[in-house]
Amino acid sequence: MKKILISSLVALGLSLFANADEKIIIGATSVPHAEILEAVKPVLKKSGYDLEIKEFFDYSLPNLALEDEDLDANYFQHIPYLTEFNKNKGTHLVTTVAVHIEPLGIYSKKVKSLDELKDGDSVAIPNDPTNEDRALNILAKAGLIKLNDEPLKTLIDIIENPKNLNFVEIEAAQIPRSLDDITLTAINTNYALSANLNPLKDSILLEDKDSPYVNYIVVKEGHENDKKIKALNDAVTSEDVKKFIIEKYQGAVLPAF
């Protein structure tokens, strides 16, 4: 009887471990990342894995959770942001597959075109280094400001500001709330969609579609070749998911595979 009981307990333990291996826990911001991951679930299920999505509402917590191995992967960021985060926080995170591009846009409730801008008008831009650089480059390309040649630009790299625009640095997730108070706002597409803004229809300026800021699946270094991560990568870059992105977002979010 003891041998039977021990064998049963061992079998139960192995079964529990097997079931644990069948779940993939991924962190993501809500729109469009978590929405896209919902479309990944049925594809991944065919490979024998359940996908558990944990939603985050800022850009730092999902990376810290991944570093602590509370997550198997996360999905919300581009390479320039990840590189800067690893450098500043001492994390060891790496990309696996490219999934989509979200062009950053300039929005306003106060003006309909750049021609309506007045001297001293306010501009809200993200306060994290990479997205601040993106916003400034969009404005420079439109001729509103001129920048120096620094690779990652901040406000001190503005060398010409003919309209004396007043720049305000705000956390990216909070910028949509400033639309009523600030003349121009630079908003990441995920936060624009959450605020019911359509980047193609509602933006005054929109980052080029060949933007280098592609969003990736990210894992902790050393787990790139895990069986479950390979299954996740295959599911995320499947034709079913590509079709979902194209039909759901109508060009506001573009597949990168």
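Which exposed residues are carried by the face of α9 turned away from its buried side? They are Glu239 and Lys243, where exposed means over 50% relative accessible area, buried under 20% and partly exposed in between, with a 1.4 Å probe and protein chains only. The model is a predicted one, in which local features need pLDDT of at least 70 and side-chain atom pairs count only at pLDDT 80 or more, while totals for chains, interfaces and linings use all residues. Residues are numbered from 1 along each chain as its sequence is written, and side-chain values use heavy atoms, with hydrogens and water left out.

The opposite side of this helix may be taken next. Helices (H or I, at least four residues) and strands (E, at least two) are DSSP runs, numbered from the N terminus. In α9, the residues Val241, Ile245 and Tyr249 are buried. Viewed down the axis of α9, the buried residues fall within an arc of 45°, so they line one face of the helix; the arc is that of the directions from the helix axis to the C-beta atoms. The cover over these buried residues includes α2, β4, α6 (189-194), α8 and β13 (254-255). Gln250 lies in the loop between α9 and β13 and has a positive phi of about 50°, although it is not a glycine. Gln250 counts as exposed because its relative accessibility is 57%.

The largest nonpolar core comes next. A nonpolar core is a set of buried Ala, Val, Leu, Ile, Met, Phe, Trp, Tyr and Cys residues joined through side-chain atoms within 4.5 Å. The largest such core has 28 residues, of which Ile26, Leu37, Val40, Leu44, Leu51, Ile217 and Leu232 touch the most other members. At least two residues of this core are supplied by each of β1 (23-29), α2 (30-45), β2 (50-56), β3 (73-78), β4 (93-101), β12 (214-220), α8 (227-236) and α9 (239-249). The largest share, 6 residues, comes from α2. Apart from this core lies another, of 20 residues, among them Ile125, Leu139, Leu147 and Leu165.

Leaving aside residues up to four places away in sequence, Leu51 touches Ile24, Ile26, Leu37, Val40, Lys41, Leu44 and Leu232. Leu44 is found in helix α2 and counts as buried, at 0% relative accessibility. With the same exclusion of residues up to four places away in sequence, Leu44 touches Ile24, Tyr49, Leu51, Ala231, Leu232 and Ala235. Between Leu44 and Val94 there are 21 Å in space, C-alpha to C-alpha, and the two are 50 residues apart in sequence.

Helix α2 also holds Pro32, and the peptide bond from Val31 to Pro32 is cis, with omega near 0°. Phi of Glu69 is near 65°, a positive value in a residue other than glycine. Glu69 counts as partly exposed, at 48% relative accessibility.

Glu69 is also one of the residues touched by Lys220. Not counting residues up to four places away in sequence, Lys220 touches Leu66, Glu67, Glu69, His92, Leu93 and Val94.

The pockets remain to be described. On a 1 Å grid over the protein atoms alone, a pocket is an open set of points where a 1.4 Å probe fits, with protein on both sides within 12 Å along at least five of seven lines, and lining residues have an atom within 4 Å of a point. Grid points are joined across faces, edges and corners, and a volume is the space filled by probe spheres set on the points. The largest pocket has a volume of about 200 Å³. Its lining consists of 13 residues, of which Asn137, Ile138, Lys141, Glu207 and Asp208 lie nearest the centre. The elements giving two or more residues to this lining are α5 (129-141) and β11 (205-206), and α5 gives the most, with 4 residues.

The second largest pocket holds about 150 Å³ of space. Asp58, Tyr59, Ser60, Tyr81, Asn127, Asp128, Glu171, Ala172, Ala173 and Tyr191 line the second largest pocket.

Key: Contact means heavy atoms within 4.5 Å.
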